[in-house]
Amino acid sequence: MKKLITLVLLFSILSCGTQSVHYPVGTSDATIKLPINNKRIVVLNRVKLAYSVQRNEQIFQPNTTRALDGILNGFRKEVKNRKYFYNVANITDYLKTANGKYPAKLTPEELKGIARDADFVVSLEMFDQAIKDVYTVEIRRQPLGDKTYKEVDFFVGKRTIFFDVGWRLYNANSGVLVDEQTYQEDYFYESEALERIRSTQLLDANFDRELRNLGNRYGKRFAQRVSPTNHYTYREIYTAGNAYLEKGAIEVRSEDWSKAEKQWLRGIRSETKRKKLAKLYHNLAIANEKSGDLEQAKEYAQLAANQHPIGVKTQGIIGY
């Protein structure tokens, strides 16, 4: 069944005439430096929400997990976008009540039980959230027509979210705490209405979204702190026109660019049609760009342009 799916996918690629390919061209460092080639991580959540509803007369603690989910999703999404770390697993364990304080560090034995074969454990360990609503009355002018206005009292509600987030990064092999980062913010958003109850309803209607966005931001920020970024070049190769273009495309699908290049070189020796020759030279130019031989890539791009106008596009891609 797997072989059949592969053949169907390959047929679809060949019938389109081109195939998208990508390959790494460099890596930029994160804020903190980590050992090269240690790319496997486990993401651990240690936070348990167990609030009483009211902290004091003015400040409340919502038990919703929207912000907490946003933090973890924001981290995972940003790590995925950076294409450097491989997330082995997402685990919830060693839970501590969210009270704005760090729990005791994980021990080397605990880390071994969590990490599996990962290099690092990225752990969300400190969290707190609370809200405070304040209302003011402001005068607004409402038009009545004929350039006349009346003054109307509007209730303006301001909801402040007190937000604390704490991450830790452990070396899973040594058990050493590599990094600890705390984020704090007093974030607010507003609503206004003719009646106070309506102003509160508007604050509540947007509350989940504001929490998710706030959490997402601090998950993303920690990912930017600890995860390098792999940069890729995206190209297209020709896959149809003669047998050698097709065979080379099959080798590329198997990640064997060396065999693909041999197929395209054979095609050049036997092909007589100029447009197809330009396609073969184009593919060779891309293969050499991928391998880092930019001078040879430019030579192939020039040969592609000499054969057919589509080769001019190749020159533009290679940066002639």
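Colleague: Why are helix 8 and helix 10 called roughly parallel to each other?

Modeller: This is a predicted model. In it, helix 8 (residues 274-291) and helix 10 (residues 310-318) pack at an angle of about 10 degrees. Angles under 35 degrees count as roughly parallel. Helix 8 and helix 10 are therefore roughly parallel. Their axes lie 9 Å apart.

Colleague: What makes the contact between helix 8 and helix 10?

Modeller: Helix 8 brings K275, A278, K279, H282, A285, I286 and E289. Helix 10 answers with I310, T314, I317 and I318. By class, the residues of this contact divide into 6 nonpolar, 2 polar and 3 charged.

Colleague: How do you know which element of the protein chain has the lowest mean pLDDT, and which the highest?

Modeller: By the mean for each element. Helix 1 (residues 2-16) has the lowest, 47. Helix 5 (residues 207-226) has the highest, 98. Over residues 1-14 the pLDDT is below 50. Beyond near neighbours in sequence, that stretch has 11 contacts in the model. Where pLDDT is low, the predicted coordinates should not be read in detail.

Colleague: What is the average pLDDT of the protein chain?

Modeller: The chain averages 91, and 94% of the residues score at least 70.

Colleague: What makes up the lining of the largest pocket?

Modeller: Lining residues have an atom within 4 Å of a pocket point. For the largest pocket, these are Q19, S20, V21, H22, Y23, P24, Y232, V252, R253, E255, W257 and K290. The lining has 6 nonpolar, 3 polar and 3 charged residues. The space in this pocket is about 210 Å³.

Colleague: Which element supplies the largest share of that lining?

Modeller: Strand 1, with 6 residues. Strand 1 (18-28) and helix 6 (243-253) each supply at least two.

Colleague: Which residues lie nearest the centre of the second largest pocket?

Modeller: D29, L34, I36, Y84 and P228, out of 13 lining residues. By class, the lining of the second largest pocket has 7 nonpolar, 3 polar and 3 charged residues. About 170 Å³ of space lies in this pocket.

Technical notes. Residues are numbered from 1 along each chain as its sequence is written. This is a predicted model: local features need pLDDT of at least 70, side-chain atom pairs count only at pLDDT 80 or more; totals for chains, interfaces and linings use all residues. Side-chain values use heavy atoms; hydrogens and water are left out. On a 1 Å grid over the protein atoms alone, a cavity is a set of points where a 1.4 Å probe fits but cannot get out, and a pocket is an open set with protein on both sides within 12 Å along at least five of seven lines; lining residues have an atom within 4 Å of a point. Grid points are joined across faces, edges and corners, and a volume is the space filled by probe spheres set on the points. Helices (H or I, at least four residues) and strands (E, at least two) are DSSP runs, numbered from the N terminus. Ala, Val, Leu, Ile, Met, Phe, Trp, Tyr, Cys and Pro count as nonpolar, Asp, Glu, Lys and Arg as charged, and the others, Gly among them, as polar. pLDDT is the predictor's confidence in each residue, from 0 to 100. Contact means heavy atoms within 4.5 Å. Axes are lines fitted to C-alpha atoms, for helices over the stretch in contact, and angles run from 0 to 180 degrees between N-to-C directions. Angles under 35 degrees count as roughly parallel, over 145 as roughly antiparallel, 65 to 115 as roughly perpendicular and the rest as oblique.
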